[in-house]
Amino acid sequence: MRKINVGLIGGGFMGKAHSLAYSAVPMFFWPTELMPVKHTVAEFNDKMAEDAAARFGFENSTSDWNTIINNPEIDLVDIATPNNSHAQIAIAALKAGKHVICEKPLARTVEEAALMYEAARNSDRVNMVAFNYRRTPAVALAKRYIDEGAIGRVINFRATYLQDWSADPKSPLSWRFQKDIAGSGAIGDILTHVLDMARYLAGEVTEVSAITNHIITERPLQQSGADSLGNSKGGSDAPKGKVDVEDEVLSLLKFANGAIGSVEATRNAWGRNNFITLEIHGSEGSIAFNYENRDQLEVCFKSDEGDRRGFRTVYTGPNHPNGESLWPIPALGIGYGETKIIEAHDLFKAIAGQEPVRPDFGDGYQVALIDDAIARSAQTGQWTKVPQLNRETGQIS
Ligand code: NAI
Ligand code: SOE
């Protein structure tokens, strides 16, 4: 079986999730198209890199990610670092002839995303952006219902992404609150996930009207490199640093197919942990999804008799898209980890030449164009057109 040598850059939250996926792919998808070998992991310094290698099962470690780029043995570069290094690493990796998976958001700005997309177009290697939530079997099932016409013409798409890990102003100043590292706040960090699913399920977003809010303007400085996601103890007496990204965003959307919708995101909604909800209304029915019950999809069909019409629950299992190779019966529970395992497997299928993988850097770029339009709309208070990437020509119009 062909091996694929993986170089992972960044050993934090996503380093863990991706390493788990590399170990698990052969367990779930057998025979796997490619057998992943955890070749080298890069972290900020030698000690962190050695720790990451021991913990995640990598054969080698380095404190310089260029070691991974320059190593001809490495086939796939996995970018799991904060957003400020995505562009530099991805462009170097593509130029060096590596396949690349990059965590979301693709980049901090639309300009960086454009350069990354150009590098991807100039390469014959596979590129992927890690919007993993669309791989949740219930979300893939929603896509199947929509594509099959089960809910008719899509009329409305509503989505939220609400969390509360940063609601306390005493929680530390992670890199996620610093514009020069993160690029933006709730928009790039979590709204991007629902924008990816909006495009996946309802098509291209052509125009936006948004508002943002910025409430917590400073936070205690965080001492370590990896993000504590609000969990650092005793940070409140530490010196404070500036928060220069938005806390919250709400946007109305217009879609190319005539549908309208709304999306909202905040990391400051007490009681909401990873509250991703989707609701899609069509001319013939509706679909609803709540990530807190992520192996369930609610569906309602107009064709049901009026006296029994209403939402019914489908529990996803081996009969559903992306569920075939997970667990043998429905409702055993699908976790966050499974979405990353499916993501890694789909990446391997593309590298093995079986089928192209989406979302790719073109998709990441288009989401960056929507993010940018949302930020501009929030500043001007105007409806704002979203430039569209033509994937054939690589041009924006
Ligand atoms: P984290 O802060 O937990 O980990 C990042 C790690 O990268 C840290 O250990 C840090 O020391 C290391 N690092 C930073 N610069 C480095 C460099 N130049 N060379 C080597 N290592 C370096 O951050 P987390 O949560 O893992 O986020 C990483 C990326 O993944 C971000 O882009 C984030 O938006 C994305 N993300 C995506 C998620 C998803 O659901 N798809 C979930 C969480 C994060
Ligand atoms: C923090 O908001 C975070 O880790 C995001 O960065 C991820 O993209 C999301 O999946 C979980 O929450």
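## Surroundings of ligand 2

In this predicted model, ligand 2 is surrounded by Phe13, Lys104, Tyr133, Tyr161, Gln163, Trp165, Arg176, Asp189, Ile190, His193, Leu229 and Arg267, where a residue is near a molecule if one of its heavy atoms lies within 4 Å of it. Three of these residues can be described by polar contacts, meaning pairs of N or O atoms within 3.5 Å; within protein, one atom must be able to donate a hydrogen and the other to accept it, and residues adjacent in sequence count only if both atoms are side-chain atoms. A polar side-chain atom of Lys104 lies 2.7 Å from an oxygen atom of ligand 2. For Arg176, the distance from a polar side-chain atom to an oxygen atom of the ligand is 2.9 Å, and for an N or O atom in the side chain of Tyr161 it is 3.3 Å.

On its own, ligand 2 has 310 Å² of accessible area, of which the protein covers 92%; accessible areas come from the Shrake-Rupley method with a 1.4 Å probe, and for residues only the protein chains shown count as cover.

## Surroundings of ligand 1

Around ligand 1 there are 29 residues, of which Glu43, Asn83, Lys104, Asp227 and Tyr336 come nearest. A polar backbone atom of Asp227 is 2.7 Å from an oxygen atom of ligand 1, and a backbone N or O atom of Thr81 lies 3.3 Å from an oxygen atom of this ligand. A nitrogen atom of ligand 1 has a polar side-chain atom of Glu103 at 2.9 Å. The protein covers 92% of the 840 Å² of accessible area that ligand 1 has on its own.

## Domains and their interface

The domain assignment, which is automatic or taken from a database, gives domain 1 (3–133) and domain 2 (137–333). Their C-alpha centres lie 25 Å apart. In contact (heavy atoms within 4.5 Å) are 13 residues of domain 1 and 21 residues of domain 2. The area buried between the domains is about 1500 Å², with 65% given by carbon and sulfur atoms; buried area is the accessible area (1.4 Å probe) that two parts lose on being put together, summed over both. Phe28, Phe131 and Tyr133 supply 46% of the area that domain 1 buries against domain 2, more than any other three residues.

The interface has 1 salt bridge, defined as a side-chain nitrogen of Lys or Arg within 4 Å of a carboxyl oxygen of Asp or Glu. The side chains of Asp189 and Lys104 meet in a salt bridge with an N to O distance of 3.2 Å; both residues are also among those that surround ligand 2.

## Basis of the values

Residues are numbered from 1 along each chain as its sequence is written, while chains are lettered from A and ligands numbered from 1 in the order in which they are written. Local features need pLDDT of at least 70, side-chain atom pairs count only at pLDDT 80 or more, and totals for chains, interfaces and linings use all residues, with side-chain values using heavy atoms and leaving out hydrogens and water.
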